[in-house]
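Here is a short briefing on one protein model.

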Amino acid sequence: MRDLQHRLGCDTSARDRTLVSRRSRAAGSIMGGITAFVAILVAATGLLPRCAEAASLYRVVIDGTINPATADYIQSGLDAAEQNDAAALIIQLDTPGGLLESTKTIVKDILAAPLPVIVYVSPSGGSATSAGVFITLAGNIAAMAPGTTIGAAHPVSGQGADIEGDMRKKVENFAVSFVESIAERRGRNVEWAEKAVRESVSITETEAAQIGVIDFVAADLAELIEKAEGLTVEIDGDEVTLSFEDLTRAAGTPVVIDVEKTFRQQVLDLVANPNIAYFLMMAAMLGLYMEFSNPGVLFPGVVGAICLLLALLAFQVLPISSTGVLLLVLGMAFMIGELLMPSFGMLGFGGLIALTLGSLILYTPESGLIVDRTLILATTLLFGGALALIVLVLVRDRRRPPVTGAEGLVGETGVAVTQIHRSGKVKVHAELWNARSNVLIEAQSRVRVDAVDGLEITVSEFKE
């Protein structure tokens, strides 16, 4: 059995024997005294390894959904704890669930961790729901705070709806086998783990401790460390006895170092939400669409480009359907085509259908993720309204009488420059035209253009 104290502590006996030997050889020597003084000074300034720093606890706090950013955050915590020779990593957990793929990644990292991992469902009022069940069961030590719950791990779609058809059975069977293997590995209640998936059962912290789902209930970190003291866990196939005797300060407060999320992890945590990723993509398309329809406005184009980059970042970690993305791109191309070569709604209507279909199948069926139907409806109405406005403008423009060129002269008024009898000159729109009339029109009379024939116009006297 490998004692954790030997792995984490500092062996001071060998160093002491060396120091004694050196002092013996340097007895009566001024240089020996100086050397001893320098060694003491260096140790006091912290340049030599110190046991207190080697015996610290690291903690990551999960308060939200389980997604790729969460998996990356936990991996960062494990790396930091290992590099700093920490006694253990605490995962403080409060989650409503999340992505199955991310959960698998987290469980794999916990099971293969080179140091003890303590999963602590906290604070009071929190829960380890759905994906949180898998993560809690995977910990070397599993504990819960008073007033917390665990359970309801039945697989559902990204919006909380049941998965239908054969895919439901496939995902459910996989989840059951997955949670059973974790429970068996950690020696926890396998029967309850299966019920948590198949029947969505949920229990309190007291019940969980009684039936062997967790190890114990702890009100705070101090009690958590106290109850974990002396427990034996398996690390890399070896049994390790947990010892946290050096983890408290003089006042008895545990030494816990929090691992902070990086900026990248914070951004990824925000955009990895399936609905937010879809919203960013639609905002990008709308911004670029407005920029194409009103070149030079710039602001919609800038916002659209930023949203597009953030959406692409989210799509790198979310299970995206290539067909759904192609339909979105095709729909946007049709909408832009409506602007460049107006088809009175044909291209735009096709683009609207492509956008809607692409939204419905944006994520792979296996992931269980879907875009919120309300968000899809709002997006369809928004693009549909923009399309209807464009078509309305085109129809009105087509029906409007010409205001430029020869056709635009019909109905306009002017002044006869010369007497018009069969032929003469008139001024219309500050232009001099050859004119003809079937009746005599005196010079300086107001005339109205009745027809245009090449470079000659037919006029009649205008009377108000």
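The model is predicted: local features need pLDDT of at least 70, side-chain atom pairs count only at pLDDT 80 or more, and totals for chains, interfaces and linings use all residues. Residues are numbered from 1 along each chain as its sequence is written, and side-chain values use heavy atoms, with hydrogens and water left out.

- Helices are DSSP runs of H or I with at least four residues, strands are runs of E with at least two, and both are numbered from the N terminus.

**Helix H9**

- H9 spans residues 190-198, and Trp192, Ala193, Ala196 and Val197 are its buried residues.
- Seen down the axis of H9, these buried residues fall within an arc of 140°, so they line one face of the helix. The arc is that of the directions from the helix axis to the C-beta atoms.
- At the start of H9, a side-chain oxygen of Asn189 comes to within 3.2 Å of the backbone nitrogen of Glu191.
- Ser200 follows H9 and has a positive phi, near 55°.

**Helix H6**

- Ser102 sits in H6 (residues 100-111). Ser102 is buried, at 6% relative accessible area.
- Ser102 and Ala69 are 33 residues apart along the chain, with their C-alpha atoms separated by 8.6 Å.

**Surface at H16**

- Phe349 belongs to H16 (residues 346-360). Phe349 is exposed, with a relative accessible area of 51%.
- Phe349, Ile353, Leu357, Leu360 and Ile361 form a nonpolar surface patch with about 430 Å² of accessible area together.

**Backbone geometry**

- Most residues other than glycine have a negative phi, and most peptide bonds are trans.
- The peptide bond from Ser122 to Pro123 is cis, with omega near 5°. Pro123 lies in the loop between E4 (117-121) and E5 (127-129).
- Ala152 has a positive phi of about 55°. Ala152 lies in the loop between E7 (149-151) and H8 (165-186), and is partly exposed at 27%.
- Asp236 has a positive phi near 55°. Asp236 lies in the loop between E10 (232-235) and E11 (238-241), and counts as exposed at 57% relative accessibility.

Technical notes:
Patch = residues over 30% accessible without salt bridge, like charges linked within 9 Å, V, L, I, M, F, W, Y side chains within 5 Å. Areas by Shrake-Rupley, 256 points an atom, 1.4 Å probe, with all protein chains shown as cover. Salt bridge = Lys/Arg side-chain N within 4 Å of Asp/Glu carboxyl O. Buried < 20%, exposed > 50% of the residue type's maximum accessible area, 1.4 Å probe, protein only. Polar contact = N/O pair within 3.5 Å; in protein donor to acceptor, adjacent residues only side chain to side chain.
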